[in-house]
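Here is a short report on pockets and salt bridges. Have the model open in a viewer while reading.

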Amino acid sequence: MDSSADFIYRKRHLARENGTMSLRIFYHPLYSSLTLPERHRFPLAKYQGLFERLQVQGYPLGEAPAATREQICRIHDADYVAAALSGQLEDRAIRKIGFPWSPMLIERTLRSVGATVAASRHALEQGCGLQISGGYHHAHRDHGSGFCLFNDLVIAAQACLDEGRCEQVLIVDLDVHQGDGSAALCAGRRDIITLSLHGEHNFPHHKATSHLDFPLPSGMTDDAYLTTLQQALSLALRLYSPDLILYQAGVDVHHADELGYLSLSDEGVRLRDAMVFDCAVQHGVPIAAVPGGGYRRDWQQLIPLHMSLFETARHRFG
């Protein structure tokens with residue numbers, strides 16, 4: 001009898017041969033439904049704005065399922081998960097995460113983590129899957145940080161490995177802030193590989209060690225960034241043989257971002273996304289992607305930058 005991995009591999013390649021590959025984007029209304037303190041730094045409304053833009057433009061949208069406790073506990077400490085789900089985290093731990101605890105925060109987080117899992121499964125079957133939230137790369141095994149409660153990227157990678165859908169996952173993290181949680185969670189592993197391009201002098205102050213780290217100087221512009229990214233992707237594909245790429249596409253690399261120190265233009269962000277997707281297509285590797293970070297008081301200015309991710313995916317996967 002064929003293994004699950006063999007079955008998915010044959011199904012995916014048959015879909016390509018028959019031209020039946022399909023793009024899907026996962027979303028849930030709770031993404032923009034939290035009540036946050038006045039002037040909170042997190043631009044929560046951007047998710048509803050993204051959803052409305054994608055809906056108007058006819059993108060294929062699906063409701064995000066909730067991640068299971070079992071999926072989360074495969075990556076995070078069981079006591080931490082229990083405390084987070086039940087509202088028993090200490091005040092210090094809540095402050096480190098950056099969101100006030102509420103039942104809605106938990107439901108929103110479970111839906112967002114579940115969406116990344118669903119997008120990854122869809123990618124392995126149909127070539128590409130996306131979601132509108134996600135990218136919680138600062139979440140560590142026993143604590144959250146930087147607006148991240150549970151690490152959806154690593155949870156999704158582990159779920160796909162556990163289900164026999166793939167054997168090696170490459171997390172490509174291009175948020176301006178290093179994915180220290182992802183790096184720490186995957187340290188020493190050979191089945192989940194972490195690649196990070198990030199601002200050298202930005203949060204977090206203490207960086208973890210990814211499999212491949214590229215710390216970037218403040219003020220880096222398009223040409224230097226894209227050259228570095230091309231070299232990083234080429235190295236990663238030479239050293240490893242991933243059968244799934246998870247792409248964290250934070251737009252806080254943009255020159256106008258209020259919490260980023262890099263200086264990419266609008267076109268630089270678009271070319272970055274195109275380079276990652278083209279790399280996946282050229283190597284025949286399924287790709288799932290999440291928008292990641294982007295911080296401006298006027299959150300509507302983030303929408304065109306985040307839309308680059310979805311437009312690039314639709315252009316290549318339909």
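The report covers the model basis, then pockets, then charged pairs.

## Basis

This is a predicted model, in which local features need pLDDT of at least 70, side-chain atom pairs count only at pLDDT 80 or more, and totals for chains, interfaces and linings use all residues. Residues are numbered from 1 along each chain as its sequence is written, and side-chain values use heavy atoms, leaving out hydrogens and water.

## Pockets

A pocket is an open set of points on a 1 Å grid over the protein atoms alone, where a 1.4 Å probe fits, with protein on both sides within 12 Å along at least five of seven lines; lining residues have an atom within 4 Å of a point. Volume is the space filled by probe spheres set on the points, which are joined across faces, edges and corners.

The largest pocket has a volume of about 300 Å³. It is lined by 21 residues, and H138, G146, F147, H177 and Y295 are the closest to its centre. The lining holds eight nonpolar, ten polar and three charged residues. Here Ala, Val, Leu, Ile, Met, Phe, Trp, Tyr, Cys and Pro count as nonpolar, Asp, Glu, Lys and Arg as charged, and the others, Gly among them, as polar.

The second largest pocket has a volume of about 180 Å³. Its lining includes L36, P37, E38, R296, R297 and W299. That lining divides into five nonpolar, one polar and five charged residues.

## Salt bridges

The whole structure has twelve salt bridges (a side-chain nitrogen of Lys or Arg within 4 Å of a carboxyl oxygen of Asp or Glu). One of them joins R111 and E63, at 3.7 Å from N to O. R111 sits in helix α6 (residues 103–126) and E63 in strand β2 (residues 61–63), 48 residues apart. Helices (H or I, at least four residues) and strands (E, at least two) are DSSP runs, numbered from the N terminus. R111 is buried, at 19% relative accessible area, whereas E63 is exposed, at 55%. Buried means under 20%, exposed over 50%, partly exposed in between (1.4 Å probe, protein chains only).

R74 and D162 pair at 2.8 Å, N to O. R74 lies in the loop between α3 (69–73) and α4 (78–86) and D162 in helix α7 (residues 152–162), so the bridge ties together parts 88 residues apart in sequence. R74 is partly exposed at 45%, and D162 is partly exposed at 43%.

R92 bridges to E90, with the closest N and O atoms 3.8 Å apart. R92 is exposed at 62%, and E90 is exposed at 54%. Elsewhere, salt bridges that share partners join R121, E125, E163 and R165 into one network.
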